[in-house]
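I would like to walk through one structure, going from helix packing to domains and then to chains.

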Amino acid sequence: MTQEKELRLMKGNEAVAEAAIRAGADGYFGYPITPQSEILEYLMAAKPYETTGMVVLQAESEVAAINMVYGGAGCGKKVMTTSSSPGISLKQEGISYIAGAELPCLIVNVVRGGPGLGTIQPAQSDYFQAVKGGGHGDYHLIVLAPASVQEMADFVGLGFDLAFKYRNPVMILSDGAIGQMMEKVWLGPYKERSKDVPDWATTGKTPDRERNIITSLHLDSFSEERFNQKLIKKYEEIKSKEVRFEEFNCEDADYVLVAYGTSARVCQKSVQMARAEGLKVGLLRPVTLFPFPSKRISELSTRAKMILSVEMSSGQMVEDVLLAVNGKIPVYHYGRMGGIVTAPDEVVDFLKSKIGG
Amino acid sequence: MNDTNQMNDIIKPGNIVYKRTDLMTDDILHYCPGCGHSTVHRIIAEIIDEEGIQSETIGISPVGCSVYLYNYIDIDCQEAAHGRAPALATAIKRLMPDKYVFTYQGDGDLAAIGTAETIHACNRGENILIVFINNGIYGMTGGQMAPTTIPGMKSSTSPYGRDVEMMGNLIKMTDIVATLPGTYFVTRQSVHSAVNVRRTKKAIRKAFHYQKLKKGTCFVEVVSNCPSNWKMTPVESNKWMEENMFPYYPLGDLKDPEKQQEK
């Protein structure tokens, strides 16, 4: 196995799979669903169980797959699952239990349009589900939003690191466009699977320690509230330390676009088009959606005239932008749905219509 | 002083005929008097203790009365979402193939909401033990009809008795999993008498033994009682179980290849 970085031309989905092997993942549990089935297919073809020892298993359902992740994570292993929107809905029960048991794991959502069976085309309509909890109860995932095949690969390792640092599930919120498109990607060298056993993991009780119990049950009200407060404290720490974003031409911007993932790529082009017409437009791309770059958006709103949130949804992230701006300047949403990727000139036209108005 | 000396003379290892199993914790069992759960917990604890596999065993507790299994047996445990224990066990065993992994599940958990996880884990032949406590009722939620509730049996959601026309038939999960190629040892036992306790212990010990040999899924059903929700005394409930449950759920091995070889 190579110890060097390697340049490959890959689909975003394939990059996730290859990066998982190279990151030293212990286990992958999946179920086929378009547009992300290449991840399971790639792993089955790559046979990492013969090289790194990584377990790869096709589960009987998304429900089973996420509960396999729970079991593996409870043993302190680096485990992950991937799916697309309808499948992620099925996983929400398990994700809530994983958050409640404070287990580290990686979940990838290659989002397609909905609700319901919807479409298999790309969308960003699972934002609420990803950043506001998703399942029942008070909890958050750490949510990473890749905008390239390179980031699909890079965020696998980053996701595992953050998951273990905070004992919290991490979601990569991608979409069908990034999952399916091919780009150049630099892949990191193969990392050995970790032999470290976290002190909380269920690996068999030895005489030198108390038994380890993985559970999310707190029947006593005061005990449950204490646990909720512990989670709040953890999320506050994450908010203070892990906000990641990128800015593009924001220094002098009168008008700031806020967009993540595929929409951010579109908006980069929109900024260039608007600038060519003499409009001072910039782009802020949240890389983490939870924690959200609220502070930076608030700062930008003290000197910009308007913010336009661009998402391939009916307007979900815009609610977090509105909270960050807190009424200081007008905030608008623009986005296409149904699997239609917004065109750069549509964004510029919409922006101009609001400036004119 | 003299009395104490006499007591110390009596209480010595050589004279002990019965004691609390070392692997049972000091926690007070929350089970109702006469409930079979406590007995099966003790059997599992005894076997892990006697086999010396505490440091190699991971248990998975369900949602239901036995959710707190992890409070009572001094081993590493995970608590699963309702019905999902076999999925957890699958991953734990595959990631740590040399450990012993068992699930402990009730009939609502295993035979209703967890049907898919149960059947597919068994069909893949996961090297795990599934202990299935079947008392024909949802205990913790207060006595609702279970998939294993027998025809005519009253529960809070079948207050006039289970009407098969309206509510469907009971399901025999043990018979179903015995037909799957992935299962190796499938048996149905009970713990309502001393002889049955011994048989159940023998079956569960055998299942741990088969797991060490990586033979496939072992499935031990224990037909049990629920005095509180059946609204009977413990003695009445055991009698009712013998007369009414056993005809639908006859005791004995459904699948044991090594037993056939012995013949």
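Predicted model: local features only at pLDDT ≥ 70, side-chain atom pairs only at ≥ 80, totals over all residues.

In chain A, the axes of α1(A) and helix α7 (residues 149-166) come within 8 Å and cross at roughly 25 degrees, where axes are lines fitted to C-alpha atoms, for helices over the stretch in contact, and angles run from 0 to 180 degrees between N-to-C directions. Helices here are DSSP runs of H or I with at least four residues, strands are runs of E with at least two, and both are numbered from the N terminus. α1(A) and α7(A) are therefore roughly parallel to each other, given that angles under 35 degrees count as roughly parallel, over 145 as roughly antiparallel, 65 to 115 as roughly perpendicular and the rest as oblique. On the α1(A) side, A:G12, A:N13, A:A15, A:V16, A:A19 and A:A20 meet A:V149, A:M152, A:A153 and A:V156 of α7(A), and contact means heavy atoms within 4.5 Å. Sorted by class, the contact of α1(A) with α7(A) has eight nonpolar, two polar and no charged residues; Ala, Val, Leu, Ile, Met, Phe, Trp, Tyr, Cys and Pro count as nonpolar, Asp, Glu, Lys and Arg as charged, and the others, Gly among them, as polar.

Residues are numbered from 1 along each chain as its sequence is written, chains are lettered from A and ligands numbered from 1 in the order in which they are written, and side-chain values use heavy atoms, with hydrogens and water left out.

Helix α1 (residues 12-22) of chain A also packs on helix α2 (residues 37-46) of chain A, their axes coming within 8 Å and crossing at roughly 45 degrees. That angle makes α1(A) oblique to α2(A). The contact is made by A:N13, A:E14, A:V16, A:A17, A:E18 and A:I21 of α1(A), together with A:E38, A:I39, A:Y42, A:L43 and A:A46 of α2(A), and its classes are seven nonpolar, one polar and three charged residues.

Now to the domains: chain A is divided into domain 1 (6-205 + 229-240) and domain 2 (246-356), with bounds that come from an automatic or database domain assignment. Their C-alpha centres lie 27 Å apart, and the contact takes 31 residues from domain 1 of chain A and 25 residues from domain 2 of chain A. How much area do the two domains of chain A bury between them? The value is about 2300 Å², 56% of it on carbon and sulfur atoms, where buried area is the accessible area (1.4 Å probe) that two parts lose on being put together, summed over both. In domain 1 of chain A, the residues losing the most area to domain 2 of chain A are A:Q124, A:Y127 and A:F128, together 33% of what that side buries.

Between chain A and chain B, the buried area is about 2700 Å², of which carbon and sulfur atoms give 60%. In chain A, A:E60, A:K205 and A:R211 lose the most area to chain B, together 23% of what that side buries.

Finally, a backbone detail: the peptide bond joining A:G114 and A:P115 is cis, with omega about 10 degrees, and A:P115 sits in the loop between β5 (105-111) and α6 (127-131) of chain A.
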